[in-house]
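Q: I am new to this structure and would like a close look at a single part. Please keep it brisk.

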Amino acid sequence: MTMLLFAIARILFVVLIPMCNISPMNRRTEDLIPSDVVYGILVALLPMSETYLSTLYFSEAPSQVPERDKELVGNSLVLTFSTGQLCGALSSLIVLSQDS
């Protein structure tokens, strides 16, 4: 349950990062967090929290299933994690290509 709450709390990054002073000359809205330090901290905490959660998932999931299913669970974790990383990378390419 703690991991689920922590994962849901990561949504705050999606809300807070665009509120920072990223490119003040090209903004159409007012920046609510004018500090570049806060932006740097948020950008650093985002991948750290992802790594922490991934480590927890990979270490805890096999212990939650019977012995005969541990290999299947491990393989499923790797597949879903890799697929998620691939989708994230591809979606960033789509977003970047629309900006140019």
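Which side chain meets R10 in a salt bridge?

A: That partner is E50: the side chains of R10 and E50 meet in a salt bridge at 3.0 Å, N to O. A salt bridge here is a side-chain nitrogen of Lys or Arg within 4 Å of a carboxyl oxygen of Asp or Glu. The pair links distant parts of the chain, 40 residues apart. R10 sits in the loop between α1 and α2. E50 lies in helix α3, residues 36-60. Helices are DSSP runs of H or I with at least four residues, numbered from the N terminus.

The model is predicted: local features need pLDDT of at least 70, side-chain atom pairs count only at pLDDT 80 or more, and totals for chains, interfaces and linings use all residues. Residues are numbered from 1 along each chain as its sequence is written, and side-chain values use heavy atoms, with hydrogens and water left out.

Now the cover on each partner. R10 is buried, because its relative accessible area is 19%. E50 has 27%, so E50 counts as partly exposed. Buried means under 20% relative accessible area, exposed over 50%, and partly exposed in between (1.4 Å probe, protein chains only).

The structure holds 2 salt bridges. D69 and R68 also meet through their side chains in a salt bridge, at 3.3 Å, N to O. D69 is partly exposed, with 23% relative accessible area. R68 is exposed, at 70%.

One more residue belongs to helix α1: I8. With 46% relative accessibility, I8 counts as partly exposed.

Methods
Helices (H or I, at least four residues) and strands (E, at least two) are DSSP runs, numbered from the N terminus.
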